[in-house]
Each structure stands twice: as structure tokens, then as C-alpha cells.
Amino acid sequence: MKEFIKITDKNDILRYLYDFSDVFPHLCEKIESMEEYAAKLSKFSNFYIASYDGAELGLAVFYSNDKQSKNAYISLIGLKGAARNKGLGSWLLNRCEEASIKDGMEKMSLEVDCDNPSAIAFY
């Protein structure tokens with residue numbers, strides 16, 4: 001069974017950021033303090049874990065709080081290696097879209113590294 005689980009506690013967010021560090025290998029290089037980043041995410045973002053049959057295989061972080069532009073922004077979205085190419089990524093992206101629409105967003109954007117061809121192909 002697939003589950004889309006919202007995480008709000010900054011300590012849990014920090015734990016998941018480290019647990020998914022192999023999915024986002026450059027994150028630690030870009031973030032000065034993972035503790036501060038987790039605190040920021042807990043206050044302002046939608047932080048979700050995708051679980052499949054009890055295994056935590058995906059992570060999605062997005063913002064859907066810009067009521068003026070009505071544009072949601074995906075900050076992080078990724079799957080652990082074993083979960084890729086099984087439809088879970090599309091399912092996860094769709095859950096982000098649904099949650100953003102529920103929050104009143106009309107558009108969604110993201111950034112993708114040009115040196116990540118599998119992500120570019122996915123989007």
C-alpha cells in the first residue's frame with residue numbers, strides 16, 4: 001500500500017534528510033547547517049515521505065504558500081534507488097500537485113540540475 005505521510009517535526013525532518021542523503025548527494029554541500037535547514041522546512045514547507053508497503057522509499061519537499069502568485073515550488077523530490085522506474089515517482093509528484101491545488105495553487109515549478117539526466121527525463 002502506498003502512503004503519503006506528512007512530516008512536521010524538525011528532528012524527524014533532519015533524520016529523513018540524512019536518511020535520504022544518498023538520493024540528494026549535493027544537499028549537504030549546499031546547506032550550511034542541516035539543523036537550521038530542517039527547522040526552516042518544518043516551519044514553511046510541506047515535507048512528505050512516500051511509503052510503499054511500510055518501506056520509506058521517497059521524499060518530497062515543496063512550498064505551497066505563495067497566495068499571491070499561486071505558484072507551488074518543489075524543492076526536493078526523489079526516490080531511493082530500488083524504488084525508481086516503478087511508477088512511484090509519478091505517484092509522488094501527483095500527490096504534491098494534489099496537495100498544492102488543495103492549498104490554492106494554480107502552477108507548480110521546480111529546479112533540476114542539468115547534470116541529472118534521469119531527473120530531466122522524468123520531468
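Colleague: Which residue in β4 is the bridge partner of Leu 59?

Modeller: This is a predicted model, in which local features need pLDDT of at least 70 and side-chain atom pairs count only at pLDDT 80 or more, while totals for chains, interfaces and linings use all residues. Residues are numbered from 1 along each chain as its sequence is written, and side-chain values use heavy atoms, without hydrogens and water. Strands are DSSP runs (E, at least two residues) and helices likewise (H or I, at least four), numbered from the N terminus. β3 and β4 (residues 71-79) run antiparallel and are joined by 6 bridges; in β4, the partner of Leu 59 is Gly 78.

Colleague: In what order do the 5 strands form the open sheet?

Modeller: Two strands pair if DSSP finds at least two bridges between them. The edge strands, β1 (2-7) and β5 (107-110), each pair on one side only. The pairing in this open sheet is mixed, and the order is β1-β2-β3-β4-β5.

Colleague: At about how many degrees to β3 does α3 run?

Modeller: Axes are lines fitted to C-alpha atoms, for helices over the stretch in contact (heavy atoms within 4.5 Å). Angles run from 0 to 180 degrees between N-to-C directions. α3 lies across β2, β3 and β4, and its angle to β3 is about 70 degrees.

Colleague: Which residues does Leu 41 touch, not counting those up to four places away in sequence?

Modeller: Leu 41 is among the residues of the largest nonpolar core that touch the most other members. Such a core is a set of buried (under 20% relative accessible area, 1.4 Å probe, protein chains only) Ala, Val, Leu, Ile, Met, Phe, Trp, Tyr and Cys residues joined through side-chain atoms within 4.5 Å. With that sequence exclusion, Leu 41 touches Ile 13, Leu 17, Phe 47, Val 61 and Tyr 63.

Conventions: Buried < 20%, exposed > 50% of the residue type's maximum accessible area, 1.4 Å probe, protein only.
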